[in-house]
2 protein chains.
Amino acid sequence: MEERKGGNKAEQAAEALLAWIVAERLAPGDRIPREEELEEQLGVGRSTVREAVKLLASRNILEVRQGAGTFLSPKQGVTEDPLGFVLVQDKRKLAEDLLELRLILEPPIAALAAERALPEDCRQLNRWRQEVEGQIGRGENHLQADAAFHAEIARLSGNGAVSRLLPVITQSVELDGEVTEMRLGRETVETHREICRAIEEKNPRKAWEAMYLHLQLNRREMR
Amino acid sequence: MEERKGGNKAEQAAEALLAWIVAERLAPGDRIPREEELEEQLGVGRSTVREAVKLLASRNILEVRQGAGTFLSPKQGVTEDPLGFVLVQDKRKLAEDLLELRLILEPPIAALAAERALPEDCRQLNRWRQEVEGQIGRGENHLQADAAFHAEIARLSGNGAVSRLLPVITQSVELDGEVTEMRLGRETVETHREICRAIEEKNPRKAWEAMYLHLQLNRREMR
């Protein structure tokens with residue numbers, strides 16, 4: 001009973017701290033006040049402050065760096081495995097389902113990016129593209145850079161919900177990474193280039209088609 | 001230092017317990033062994049078992065029911081606000097972004113449901129449809145039943161990734177619920193019926209179009 005009450009107090013303190021963070025428009029990497037100040041600000045004791053910070057850290061909203069302080073996490077509140085894919089029994093089916101989901105999502109997202117991004121916004125996208133190309137050329141694993149390339153397109157779509165969602169889906173690609181990774185090097189390089197060009201040219205239809213082709217080639221390889 | 005070590009031990013125990021749950025193919029609502037058995041099974045002490053269970057509970061993988069035991073959570077590892085929408089400053093823009101995302105996702109999902117569901121699978125869908133209609137008729141808030149209707153279509157798509165993702169997005173609709181909720185009663189009833197009919201008739205194109213119309217009417221009302 002005692003513990004439950006403490007938990008609720010900590011949860012309330014966590015909610016109050018979260019509301020303050022949102023109201024202050026803090027950004028990833030910003031530091032939050034020290035424990036003494038939070039005690040006063042939230043009107044609770046030290047142990048409740050610590051519990052509240054722990055709760056927000058478990059949600060990837062805060063990040064405690066030992067000795068340096070507590071900061072807004074770069075993960076921006078997106079939790080590890082937020083959709084609970086770990087519980088799915090049939091990982092092969094999950095990999096197929098994820099690719100089907102990407103085929104639904106990513107062509108229209110690429111089209112939105114082409115519509116809304118300015119050519120000068122594409123520098124980071126081209127950097128990821130080159131990173132992937134370099135790794136493919138050297139026969140290295142390029143899954144992480146590939147996920148970053150796709151996440152950057154989501155960011156360029158200007159849709160905040162999309163840019164939070166897509167990394168969750170593309171990072172899960174590692175599930176079946178070994179299946180397709182090495183065989184599709186040339187196709188990946190070519191279709192990535194087409195996607196970049198279409199976005200830079202602000203051609204949504206071409207971006208849609210290039211992304212669709214890119215993912216379909218992956219799907220065919222998987223089968 | 002002491003605490004960190006303890007944390008890592010508990011995390012390892014949590015991972016081991018999770019692996020066991022997946023291997024045993026436990027389902028939501030299934031009970032996991034008691035603390036004494038877990039101590040033996042995982043080869044750790046009681047406090048580590050408790051910490052491990054707490055960790056999995058915070059990920060909505062387990063659910064501790066006081067006095068009854070510990071069970072697999074019906075939330076299936078999908079965390080509260082898994083994409084960290086609480087941190088988005090501009091909630092109006094977020095509501096628009098979510099509707100744009102739904103316009104990308106849900107028409108193809110309805111088409112998949114029409115392709116794959118058998119007519120007898122549609123009973124639960126029709127129950128949710130009637131629930132929404134009843135609530136609209138009585139002038140009640142129908143947002144939760146509406147979210148359940150859309151989640152059921154995602155389930156009928158047969159894509160496990162989609163059925164885990166969609167509730168996260170439709171539940172966020174409450175953000176702008178007040179804006180559209182009451183005005184769109186008649187349109188909601190009509191387009192929901194069209195969607196159900198198309199899925200029962202196994203007509204993917206009609207399901208796609210009915211869902212698209214349904215969401216576009218919402219979007220127009222929002223603007």
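1. Leaving aside neighbours within four places in sequence, Thr79(A) is in contact (heavy atoms within 4.5 Å) with Ser58(A), Arg59(A) and Asn60(A) of chain A, and with Thr79(B) and Pro82(B) of chain B. Thr79(A) sits in the loop that runs between β2 (69–72) and α4 (91–116) of chain A, where helices (H or I, at least four residues) and strands (E, at least two) are DSSP runs numbered from the N terminus.

2. The side chain of Thr79(A) also makes a polar contact with the side chain of Thr79(B), at 3.2 Å; such a contact is a pair of N or O atoms within 3.5 Å, and within protein one must be able to donate a hydrogen and the other to accept it, while residues adjacent in sequence count only if both atoms are side-chain atoms. Thr79(A) has a relative accessible area of 12% and is therefore buried (buried means under 20% relative accessible area, exposed over 50%, and partly exposed in between, with a 1.4 Å probe and protein chains only).

3. On the basis of these values, this is a predicted model, in which local features need pLDDT of at least 70 and side-chain atom pairs count only at pLDDT 80 or more, whereas totals for chains, interfaces and linings use all residues. Residues are numbered from 1 along each chain as its sequence is written, chains are lettered from A and ligands numbered from 1 in the order in which they are written, and side-chain values use heavy atoms, with hydrogens and water left out.

4. Gln76(B), in the loop between β2 (69–72) and α4 (91–116) of chain B, has a positive phi near 50°, and its relative accessible area of 35% makes it partly exposed.

5. Leu38(B) lies in helix α2 of chain B and is buried, since its relative accessible area is 2%. Apart from neighbours within four places in sequence, its contacts are Leu17(B), Ile32(B), Pro33(B), Gly43(B), Val49(B) and Val53(B).

6. Helix α10 of chain B (residues 204–222) has 19 residues and should span 27 Å at 1.5 Å a residue, which agrees with the 27 Å between its end C-alpha atoms; the expected span is 1.5 Å times one less than the number of residues. Among the buried residues of α10(B) are Ala207(B), Met211(B), His214(B) and Met222(B).
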